[in-house]
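Reader: I'm new to this one and would like a friendly tour. Could you take me through it step by step?

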Amino acid sequence: MASNYDRLDAGQRASVDASVATYARVRPELKNVTRDVLVTLIAMFKDAEVDPLFITGRTKTIESFREKVSRLDPPSLAGGEPTLKFPDPFRTLNDMVGVRVITKLPAENAVVANLIKRQRQIFDCRGDREKAIGSIESGTYGYSSRHLILRTLQNDTVRAYQSVLNPELPANGSYFFECQIRTVFAHAWSEIEHDIRFKGQDPRAWSPQFDRQFTATAAMLEVVEKEFADLHDRYEKVRGFWDEAGEGAGPLTPDRIRDVWLTLLPHVDRKVDDDWGWAAELVGAHGLTETRQLMELLDSDRITEVRKALDHRYSPGPDRLLDDLLLWQYGPRHIELTAEPADAESHPRRDSLQRRLKQIERYRLT
């Protein structure tokens, strides 16, 4: 497969060769710049509100630099010759130094970007864009990656690099570099895509099926990210319900009971959307008034035991399952607090509760 460099004419090659020679000379100092900004970013997130999965950096290789600066722009006029896209790469290229902040969840990308942009005494953000955002707006699929163009401010390591690059010019410590922020899923996808799409050696090996597969995997990636984001949100919500100093102390109103139930047991829902007042009455009868008390009652092991003990003929809804959990927990006291009086003319609820309590007692004996 012909490289960009192979397509150049003699004059363009001479220009590229000169840039490559300069890059080879200054690259050791540029690697120090990469190391410096990488260490700075890692320290920045040490006690931050978000904890990236990892942060990595790289200095463009000489081979990659040669291919990049060998790119051509089409002729500006019909019949003209193509021109070098980067005739002055040391002024126009922002990706000779690149860092990546890899997150777990999509929502963390914005948090990371905002934290970096707030460090105005260290970096000046000169660009912020969402790569492939157009795919969202056009209804197609691609991976999401936040790209920041950052400029260092009065950086001594940059000054050392500038002194080697242009000894005759004053070194101001200002250098542009690229910072990519993306999830670990998008990172894996983009790395594989880059290896196949952009590093392939033989264009004859390409197949339209590859495009279809990349599109399909990008769609699956989006679904997986959304599922993990939903799982994380649900986890944080459940943790809050246990917080004795916060949500866990919240009163058990009908709406709160419904919220807790649908968070923990969304598969056990009511067919009729009511106000869950019935549930507030049941738990209130036992003095359960705080959210964390309901969380303790809705223990997953207890629910499993109740289901085994009563061997429900039909899958119980929230009303029946909550009633059975309270019966399991409080036994005869639940009957006395919530059923008809024993001397009532008709007491179908009391009879049902007593029958179910006997099943529970027999199960506990086995």
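Reader: Let's start with a single pairing. Which residue in β7 is the bridge partner of isoleucine 102?

Author: Keep in mind that this is a predicted model. Strands β4 and β7 run parallel and are joined by six bridges. Follow the bridge from isoleucine 102 over to β7 and you land on arginine 182.

Reader: Which strand do six bridges join to β4 in an antiparallel way?

Author: Look at threonine 59, whose bridge partner in β4 is valine 97. The two strands involved run antiparallel, with six bridges between them, and the partner of β4 here is β1 (residues 54-59).

Reader: Which element gives the most residues to the largest nonpolar core?

Author: That core has 38 residues, and Phe45, Ile116 and Tyr175 touch the most other members. Elements supplying at least two residues each include β4 (97-103), α4 (106-118) and α1 (10-44). With ten residues, the top contributor is α1.

Reader: How many residues are in the second, separate core?

Author: Phe241, Val260, Leu282 and Leu357 are among its members. In total, this second core has 34 residues.

Reader: Which element has the lowest mean pLDDT?

Author: Across the protein, the mean pLDDT is 91, and 93% of residues reach 70 or more. Among the elements, α6 has the highest mean, 98. At the other end, with a mean of 52, is helix α5 (residues 133-138).

Note on methods
Residues numbered from 1 in each chain as written. Predicted model: local features only at pLDDT ≥ 70, side-chain atom pairs only at ≥ 80, totals over all residues. Heavy atoms only, no water. Core = buried A, V, L, I, M, F, W, Y, C linked by side-chain atoms within 4.5 Å. Buried < 20%, exposed > 50% of the residue type's maximum accessible area, 1.4 Å probe, protein only. Helix = DSSP H or I, 4+ residues; strand = E, 2+ residues; numbered from the N terminus. pLDDT = per-residue confidence, 0-100. Pairing = 2+ DSSP bridges.
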